[in-house]
Amino acid sequence: MSTTAAQAQDTRHSGQQAADATPSLLRGFLRLVFWLFVALLFSILVEWVGMLFWWPDEGMAHSRAMLADELGYLSGDLRATLLVSDTAAFAQRFAETVYHWLWQKTGLETVMAWLAETPPADASTWQVGLSAGYALVADFVVAAATITQVFSVRLAVLSLAMPAFALSMLVGTLDGLVLRDLRRWGGGRESSYLYHHAKRWIWPLFITAWVLYLSLPFSVHPAFSILPFAALIGLLVAITAASYNKYL
């Protein structure tokens with residue numbers, strides 16, 4: 001009887017753990033979507049500020065040039081990756097999908113087209129006022145739509161760059177464990193301070209790499225944005241593994 005009760009308790013415990021893990025995964029996914037949406041809004045805000053102060057002569061042409069440059073990078077040096085054979089085509093399809101759901105499915109594109117039309121002679125006063133008001137901000141709205149595509153292209157690039165981050169962390173782990181063994185065999189001193197501080201900065205640095213690359217108000221080759229952060233993360237992982245002071 002005691003064995004049966006113990007098995008039943010283990011089954012309930014395993015079921016409880018699985019039930020607890022599912023909401024955690026859902027919360028993590030929703031938190032990721034939320035921060036991506038915040039990063040998108042921040043990118044649009046930066047573009048609007050730039051249109052007012054930094055590149056007023058270019059206007060919405062700046063965002064279009066950024067989109068062309070981002071796709072151009074993928075058509076050149078980064079034509080193929082470990083995950084897809086045509087990086088530019090994948091990123092463009094992803095950007096078109098995001099644009100479809102955010103601007104077309106929501107009806108924003110239809111509203112933009114309606115407001116951009118010249119009001120008929122028998123139009124009401126409020127319709128004329130809406131059209132006149134939209135004419136003042138039309139360039140900013142179009143720029144926001146284009147920045148959505150730029151953001152999506154960069155998000156696709158970051159997704160395809162995950163093997164680079166994983167490889168840097170793997171190399172950092174192996175290198176750190178070798179250094180750890182050399183330290184232990186040589187009678188070196190252990191530093192829990194170094195371990196905890198290096199470990200603490202891995203996740204914030206990873207988030208910074210994503211947010212910074214997604215929000216840049218100018219085009220830059222993905223290698224110059226991703227590889228330095230991947231190398232720094234690998235270095236932090238190596239320091240963490242090398243200063244780990246418990247037995248494996």
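These legends describe close-up views of one predicted model.

The model is predicted, so local features need pLDDT of at least 70 and side-chain atom pairs count only at pLDDT 80 or more, while totals for chains, interfaces and linings use all residues. Residues are numbered from 1 along each chain as its sequence is written, and side-chain values use heavy atoms, with hydrogens and water left out.

**View 1**
Helix α6 covers residues 162–185. Helices (H or I, at least four residues) and strands (E, at least two) are DSSP runs, numbered from the N terminus. The expected span of a helix is 1.5 Å times one less than its number of residues. Buried means under 20% relative accessible area, exposed over 50%, and partly exposed in between (1.4 Å probe, protein chains only).

**View 1. The largest nonpolar core.**
A nonpolar core is a set of buried Ala, Val, Leu, Ile, Met, Phe, Trp, Tyr and Cys residues joined through side-chain atoms within 4.5 Å. The largest one here has 44 residues. Val153, Phe165 and Ile233 have the most contacts inside it. At least two core residues come from each of α1 (2–54), α2, α3 (87–104), α4 (108–116), α5 (125–160), α8 and α9. Helix α5 gives the largest share, 12 residues. In soluble globular proteins, nonpolar side chains tend to be buried together.

**View 2. Around Phe165.**
Contact means heavy atoms within 4.5 Å. Leaving aside residues up to four places away in sequence, Phe165 touches Phe206, Ala209, Ile226, Phe229, Ala230 and Ile233.

Ser63 sits in helix α2 (residues 61–75). Is Ser63 buried or exposed? Ser63 is buried, because its relative accessible area is 0%. Beyond residues up to four places away in sequence, Ser63 touches Glu47, Ala143, Thr146, Ile147 and Val150. Thr87 belongs to helix α3. Thr87 is also buried, with a relative accessible area of 2%. With the residues up to four places away in sequence not counted, Thr87 touches Leu74, Leu78, Arg79, Ala80, Thr81 and Leu160.

**View 3. The largest pocket.**
On a 1 Å grid over the protein atoms alone, a pocket is an open set of points with protein on both sides within 12 Å along at least five of seven lines, where a 1.4 Å probe fits; lining residues have an atom within 4 Å of a point. Grid points are joined across faces, edges and corners, and a volume is the space filled by probe spheres set on the points. The largest pocket holds about 420 Å³. It has 13 lining residues, and Arg31, Leu32, Trp35, Trp203 and Ile207 are the closest to its centre. Helix α1 supplies the largest share of this lining, seven residues.

**View 4. The second largest pocket.**
This pocket has a volume of about 270 Å³. Of its 15 lining residues, Leu78, Thr81, Leu160, Ala161 and Ala164 are the closest to the centre. Helices α5, α6 and α9 each give two or more lining residues. The largest share, four residues, comes from α9.
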